[in-house]
Amino acid sequence: MADSSDAAGPTRALVIANPASGSHSPELVRDVVELCAAHLSRAELHLTTARGDATAFVRRALERPEGAPDLVVAIGGDGTVREVVQGLDGAAGRAALQVVPGGTGNSGYKMLWGDRPWTESLKAVLADSGPGGSARLRRLDLARLAETGNRVYLGACSGVIADALISAKDSPLRGRERYAKAFADSAKAYVPYPGRVVVDGRVVHEGPTVLANVGGGRYRGGRFLVLPDSLLDDGLLDVCVIGGGVAATEVPGLTLDAAHMAHPATVYARGRSITVERTDGERLPLEHDGEYQYAIGASATFDVLPGALTAWAPTDPA
């Protein structure tokens with residue numbers, strides 16, 4: 001597979017669905033499988049049963065001597081996509097990712113397809129991905145979190161955005177409204193941590209830190225434009241740091257339209273290796289791809305993996 005609008009379309013699909021995701025429905029899963037089956041020689045469904053199940057099943061499927069999927073469709077939220085991406089590690093050029101939004105924020109879908117309906121994007125992949133078609137293959141950069149070895153697809157964030165994931169678990173809301181309320185609620189009680197951010201050996205920020213976002217996708221929570229200048233395939237990681245000169249309660253509003261970029265307390269940089277650390281030795285509050293990282297210590301280092309993931313995307317940018 002190449003990064004090209006002329007690449008041949010898929011022939012065998014593995015559909016991974018997470019029944020526990022934020023917007024899961026049996027009807028959505030049925031519709032996705034039926035659409036794949038109508039266009040491809042094979043459409044296989046796997047419903048996840050536990051944390052890590054999607055990663056393990058994708059890896060096993062790709063190891064089959066015959067009938068390995070060349071398309072993996074992830075139905076779920078950013079957490080489900082995160083697990084599928086771990087399973088696709090090392091499969092760039094052999095199998096490609098397609099996301100169907102079925103979670104809370106769905107930022108992993110939006111970073112490729114924008115706000116297009118999932119039916120439009122999946123039909124483009126299945127039936128309109130040849131020469132001159134409306135879908136193409138892209139080789140996307142990933143990040144490697146050195147402390148865990150995990151691949152980071154959408155991005156990672158320390159600070160108030162990480163805290164919002166904890167708040168969201170207890171919310172009765174669904175979809176993007178759930179995350180938006182959790183973000184606002186967490187900001188009210190948030191105290192900036194003493195932090196430092198190093199990009200390719202150069203300190204770009206030191207002091208009170210509201211958030212440090214490394215990535216990756218431009219949006220978090222499906223609507224907050226934290227990394228507005230990020231490119232998915234430039235061989236670099238972007239980092240946005242919002243320092244203590246911005247009240248945490250202002251961050252949700254500022255990041256809706258990237259107004260934080262004009263604030264003097266914001267630092268934006270790019271590099272191949274980025275370290276985010278907490279300078280008081282306490283545990284760094286960190287999430288990546290929608291999962292809070294409880295096992296992280298005082299620092300986290302991200303190294304770019306250029307072109308490590310093959311994914312379907314629109315021929316015309318979203």
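This is a predicted model: local features need pLDDT of at least 70, side-chain atom pairs count only at pLDDT 80 or more; totals for chains, interfaces and linings use all residues.
Residues are numbered from 1 along each chain as its sequence is written. Local features need pLDDT of at least 70, side-chain atom pairs count only at pLDDT 80 or more, and totals for chains, interfaces and linings use all residues, while side-chain values use heavy atoms, without hydrogens and water.

Helix α1 spans residues 26-39. Its 14 residues reach 21 Å from first C-alpha to last, close to the 20 Å expected at 1.5 Å a residue (1.5 Å times one less than the number of residues). Helices are DSSP runs of H or I, at least four residues, and strands runs of E, at least two, numbered from the N terminus. L28, V29, V32, V33, L35 and C36 of α1 are buried (under 20% relative accessible area, with exposed over 50% and partly exposed in between; 1.4 Å probe, protein chains only). These buried residues fall within an arc of 160° down the axis, so they line one face of α1 (directions from the helix axis to the C-beta atoms). P26 and A38, on the other side, are exposed. The cover over the buried residues includes β1, β2, β3, β4 and α5.

V15 lies in strand β1. V15 counts as buried because its relative accessibility is 0%. Beyond neighbours within four places in sequence, V15 is in contact (heavy atoms within 4.5 Å) with V32, V33 and C36, among others.

The lining of the largest cavity comprises 16 residues. D141, Y153, G215, G216 and L237 lie nearest its centre. β5 gives the most to this lining, with 3 residues.

How values were computed:
On a 1 Å grid over the protein atoms alone, a cavity is a set of points where a 1.4 Å probe fits but cannot get out, and a pocket is an open set with protein on both sides within 12 Å along at least five of seven lines; lining residues have an atom within 4 Å of a point.
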